[in-house]
Amino acid sequence: MSDARPTTLSAPAQSSPRTPHLPLPPPLPYSPTSVPVMRHLDALSLALLNGPDDSWAVYSALHPSLRPFVPDATFASLLAHQLSAKLTYRWERTAELLRLARECGMRPALLGAATLERAVACGLNEVARMRPSGEAWTDSQATLKWLWAGLGDALNGDYAAVGVDVRRLWVRQFLRRDTPRRTAQAARVLDGLMECGAASGLKTVMHDVVMRPVASTDQANVFDRAVRYIRHGARLAPHEVATLVERRFRSSGDIDLVSDAVRRCADELRTNGIEDAAAHFTSSLAKLHTGLLRPEERVRRRLQDDPHVTFGRLTRDALAILRQDAPDLESVLHLVDTALSREGDADALVAAVVYRLSAPDHLVSVASAILDPTRRAFLSPTIFSLLLNRLVPLLPDTSVYPAARRLYAAVRAADPPYHWTSANTALWRRLVRAAAAHRHLHFASRLYADLLADGQSVPAPLALELIRAIGAADNASRAVLLDRHIRDYRWAGHDDAALCTALADGLGRTPRGAYLALDLVARIMGGLDSVPEQAIAAIAHGLATSYKQEHQLAALGVLDRLEPAFAGAYFDKRIAALVKRKPRVVAAGMQVPGDGTAGPAAATFDLAPVIDAYRQLAGRGLVPSSRTVSSLVRALLQAKHTEEALRVFTTAVNLGVFVRSDAVGRLMVGLEVAGRPGDADEVERMWRAALVDGESASVGRQAEEIDEKKGDASAPSNPRLKSTWTKAVDGARIILDVRRGKDVDVAAAEKRMGWKANAATKRWIAAMRDEQRRMAGPAQYARMRGTQA
């Protein structure tokens, strides 16, 4: 026998245990046949007559190298003695003795069947408390397998003689971890017990084994195993049989294969006289076939089989359909129609459907269905209110608004009617906004009146929001509605200054409305001196885009009341609008400004209004902004004043005023077309230098607006040169290079710089290349492009 490893347990503190023998010899590695060892073994035999602690103390005092020489009978008695020790260390001592027996190659049958059964029970109870991992658990599992095999050897394979509790614990240890591998192990153990007639009392274990998930490769054996367990007394509920059938189908995906297996199991059970279990398999197969149908098909069949199906069943069917990824709304509406066509309370069904729906088109369809006059009598007003509360939050969806408007009329006319409360003013605000967005100002005004009729006071911000929306809608009803709501607002005692600001914001979106707002705010405040500056600024900005003289005179009349920032913004917008104005047609023979000769009838840009606006800006001591200077450069270029545009650009750069990229790009192309390529290159150099090295506030602000996401890895490293504001200059450089005959890949340049040539520019580039090819000839054109590239 090999030496056993040292024990981890220490001997008791006393020098000699309570045994009727002489003091134990020192724990030295004597010869196994020496007198001290014989005397120690005699003391161990005597200690077995005392308690387990005494015998363990004597055993522990024996040198580890001598423990394998303990006689088998004494060792078996010691093991049985320790199985009576306290629970706190019973398995620890037992496991150490069994480990020694395994290492020495001892046949476990020599320990006796009773001792082995007790040891197995002790180990299984201990393992059940362990975490199923680690060295201790692994060692205990190996020891238990050795014991179980030895127990079978001692009983000549008759495991039926083992207590039912031990057999149940032995199988359940494999079910601690819910994995297919452990389930397969438990099934094999249980099958072995059944083969030797030891399955009595294991009905609950059979039930647990068959209901555990198994690997897909083992699914084919589940039905046979279930039938075998049922024949041995296991009980499976109908829903559990249905679960097994459904798992089998999910594993194979072959309904015919599953049907054949289920029918075979049912026939075998009927042959053995187990009719109830056979009926469970048959009904589960029928449910599987029904479950494979689409929910709407199941509903159709159910309604055919039972026309008087309950409202609860209809509700569950509707929810089953709506849980699909692509629900069949027609089937849901059919269920709603079925419920509404009967006498009874259909509120639960419709409410469940409305709560479950989320898509706007679905809710709109349900609203259309229940708004049928023939169906309203079967629903309470609460359902209409519920659907309205579900629809309104989906605004401003264009498909939702018409249904919400119709539904509101229905719930308002119901008995009792729908009432606005402080809890749903958010819905009121959203519905008012949707009505204003659809230019249904009369409906918005009705919502306003209904809120007041329900005893709710309209907060000043909501009233101003409605006034602002009415002012922004330019139609024939605007004057009447504004008069009504302005009077209501002032009668409520709200702030007139806020009213003027709201009117200016709403009406100031068009020049005509801004001119009307100027008169209204003056009448409300008793003169323009009391009108808030924000309202004056909104009105002035609305008048800035008008070309009518009375509008501009009115705007200039209120500019003195504005701060320089607001006044400067007005001139920015005014000059930009004038630059975007279409060129006017000049009659034949009329002298064109900026051109010394008269020509045929042509369209030319009228520069005079731009110059007048710029003089007015300068006359008020305002500093022209970047937008104003850029617009002025564009205006001069449109009027063919290229030299003046160049001077304005140069002066702006020297003064530190940033000129926008679109104006610079136009100036570069204009100079190139005028035969001044050197000046075009100098404009680009000056502009890029000002962009990189400029110290003015405007250049600094412009640099902060860089769009890093659109930068290109091949672009210059300086982030200012990656700015989206350089695109027009980059595009002008491409056009100049093409015009000079260089080989430019326009598509690659667009991708690298982020600039996109429009259709007109692409046609111009193609025309320039065709002209260059025509003038130079094919061979010379190719050489020219290669040399310049």
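This is a predicted model: local features need pLDDT of at least 70, side-chain atom pairs count only at pLDDT 80 or more; totals for chains, interfaces and linings use all residues.
Local features are reported where pLDDT is at least 70, side-chain atom pairs count only at pLDDT 80 or more, and totals for chains, interfaces and linings use all residues. Residues are numbered from 1 along each chain as its sequence is written, and side-chain values use heavy atoms, with hydrogens and water left out.

The protein chain holds 39 helices and 2 strands; these are DSSP runs numbered from the N terminus, with helices being H or I of at least four residues and strands being E of at least two. Of its 789 residues, 46% count as buried (buried means under 20% relative accessible area, exposed over 50%, partly exposed in between, with a 1.4 Å probe and protein chains only). Among contacts with a separation of 6 or more, 65% join residues 24 or more positions apart, where contact means heavy atoms within 4.5 Å.

Among the buried ones are Trp56, Ala57, Val58 and Tyr59. Their cover includes helix 1 (35-47), helix 3 and helix 4 (87-103).

Two packed helices are described by the angle between their axes and the distance between the axes. Here, axes are lines fitted to C-alpha atoms, for helices over the stretch in contact, and angles run from 0 to 180 degrees between N-to-C directions. Helix 2 packs on helix 3 (residues 72-82) at about 135°, with the axes 9 Å apart. Helix 2 is therefore oblique to helix 3 (under 35 degrees is roughly parallel, over 145 roughly antiparallel, 65 to 115 roughly perpendicular, and the rest oblique). Pro52, Ser55, Trp56 and Tyr59 of helix 2 meet Leu78, His81 and Gln82 of helix 3. By class, these residues comprise 4 nonpolar, 3 polar and no charged; Ala, Val, Leu, Ile, Met, Phe, Trp, Tyr, Cys and Pro count as nonpolar, Asp, Glu, Lys and Arg as charged, and the others, Gly among them, as polar.

On the helix 5 side the contact is made by Glu117, Val120, Ala121, Leu124 and Asn125, and on the helix 7 side by Val166, Leu169 and Trp170. This contact has 6 nonpolar, 1 polar and 1 charged residue.

Helix 27 (residues 533-543) is mostly covered, with 8 of its 11 residues buried. Ile536, Ile539 and Leu543 are among the buried residues. The cover includes helix 25 (496-507), helix 26 (511-525), helix 28 (549-558) and helix 29 (564-579). Helix 26 and helix 28 also pack on each other, at about 50° and with axes 11 Å apart.

Finally, glutamate 672 sits in helix 33 (residues 661-673). This glutamate counts as buried because its relative accessibility is 9%. Beyond neighbours within four places in sequence, glutamate 672 touches Pro677, Ala680, Leu736, Arg739 and Arg740.
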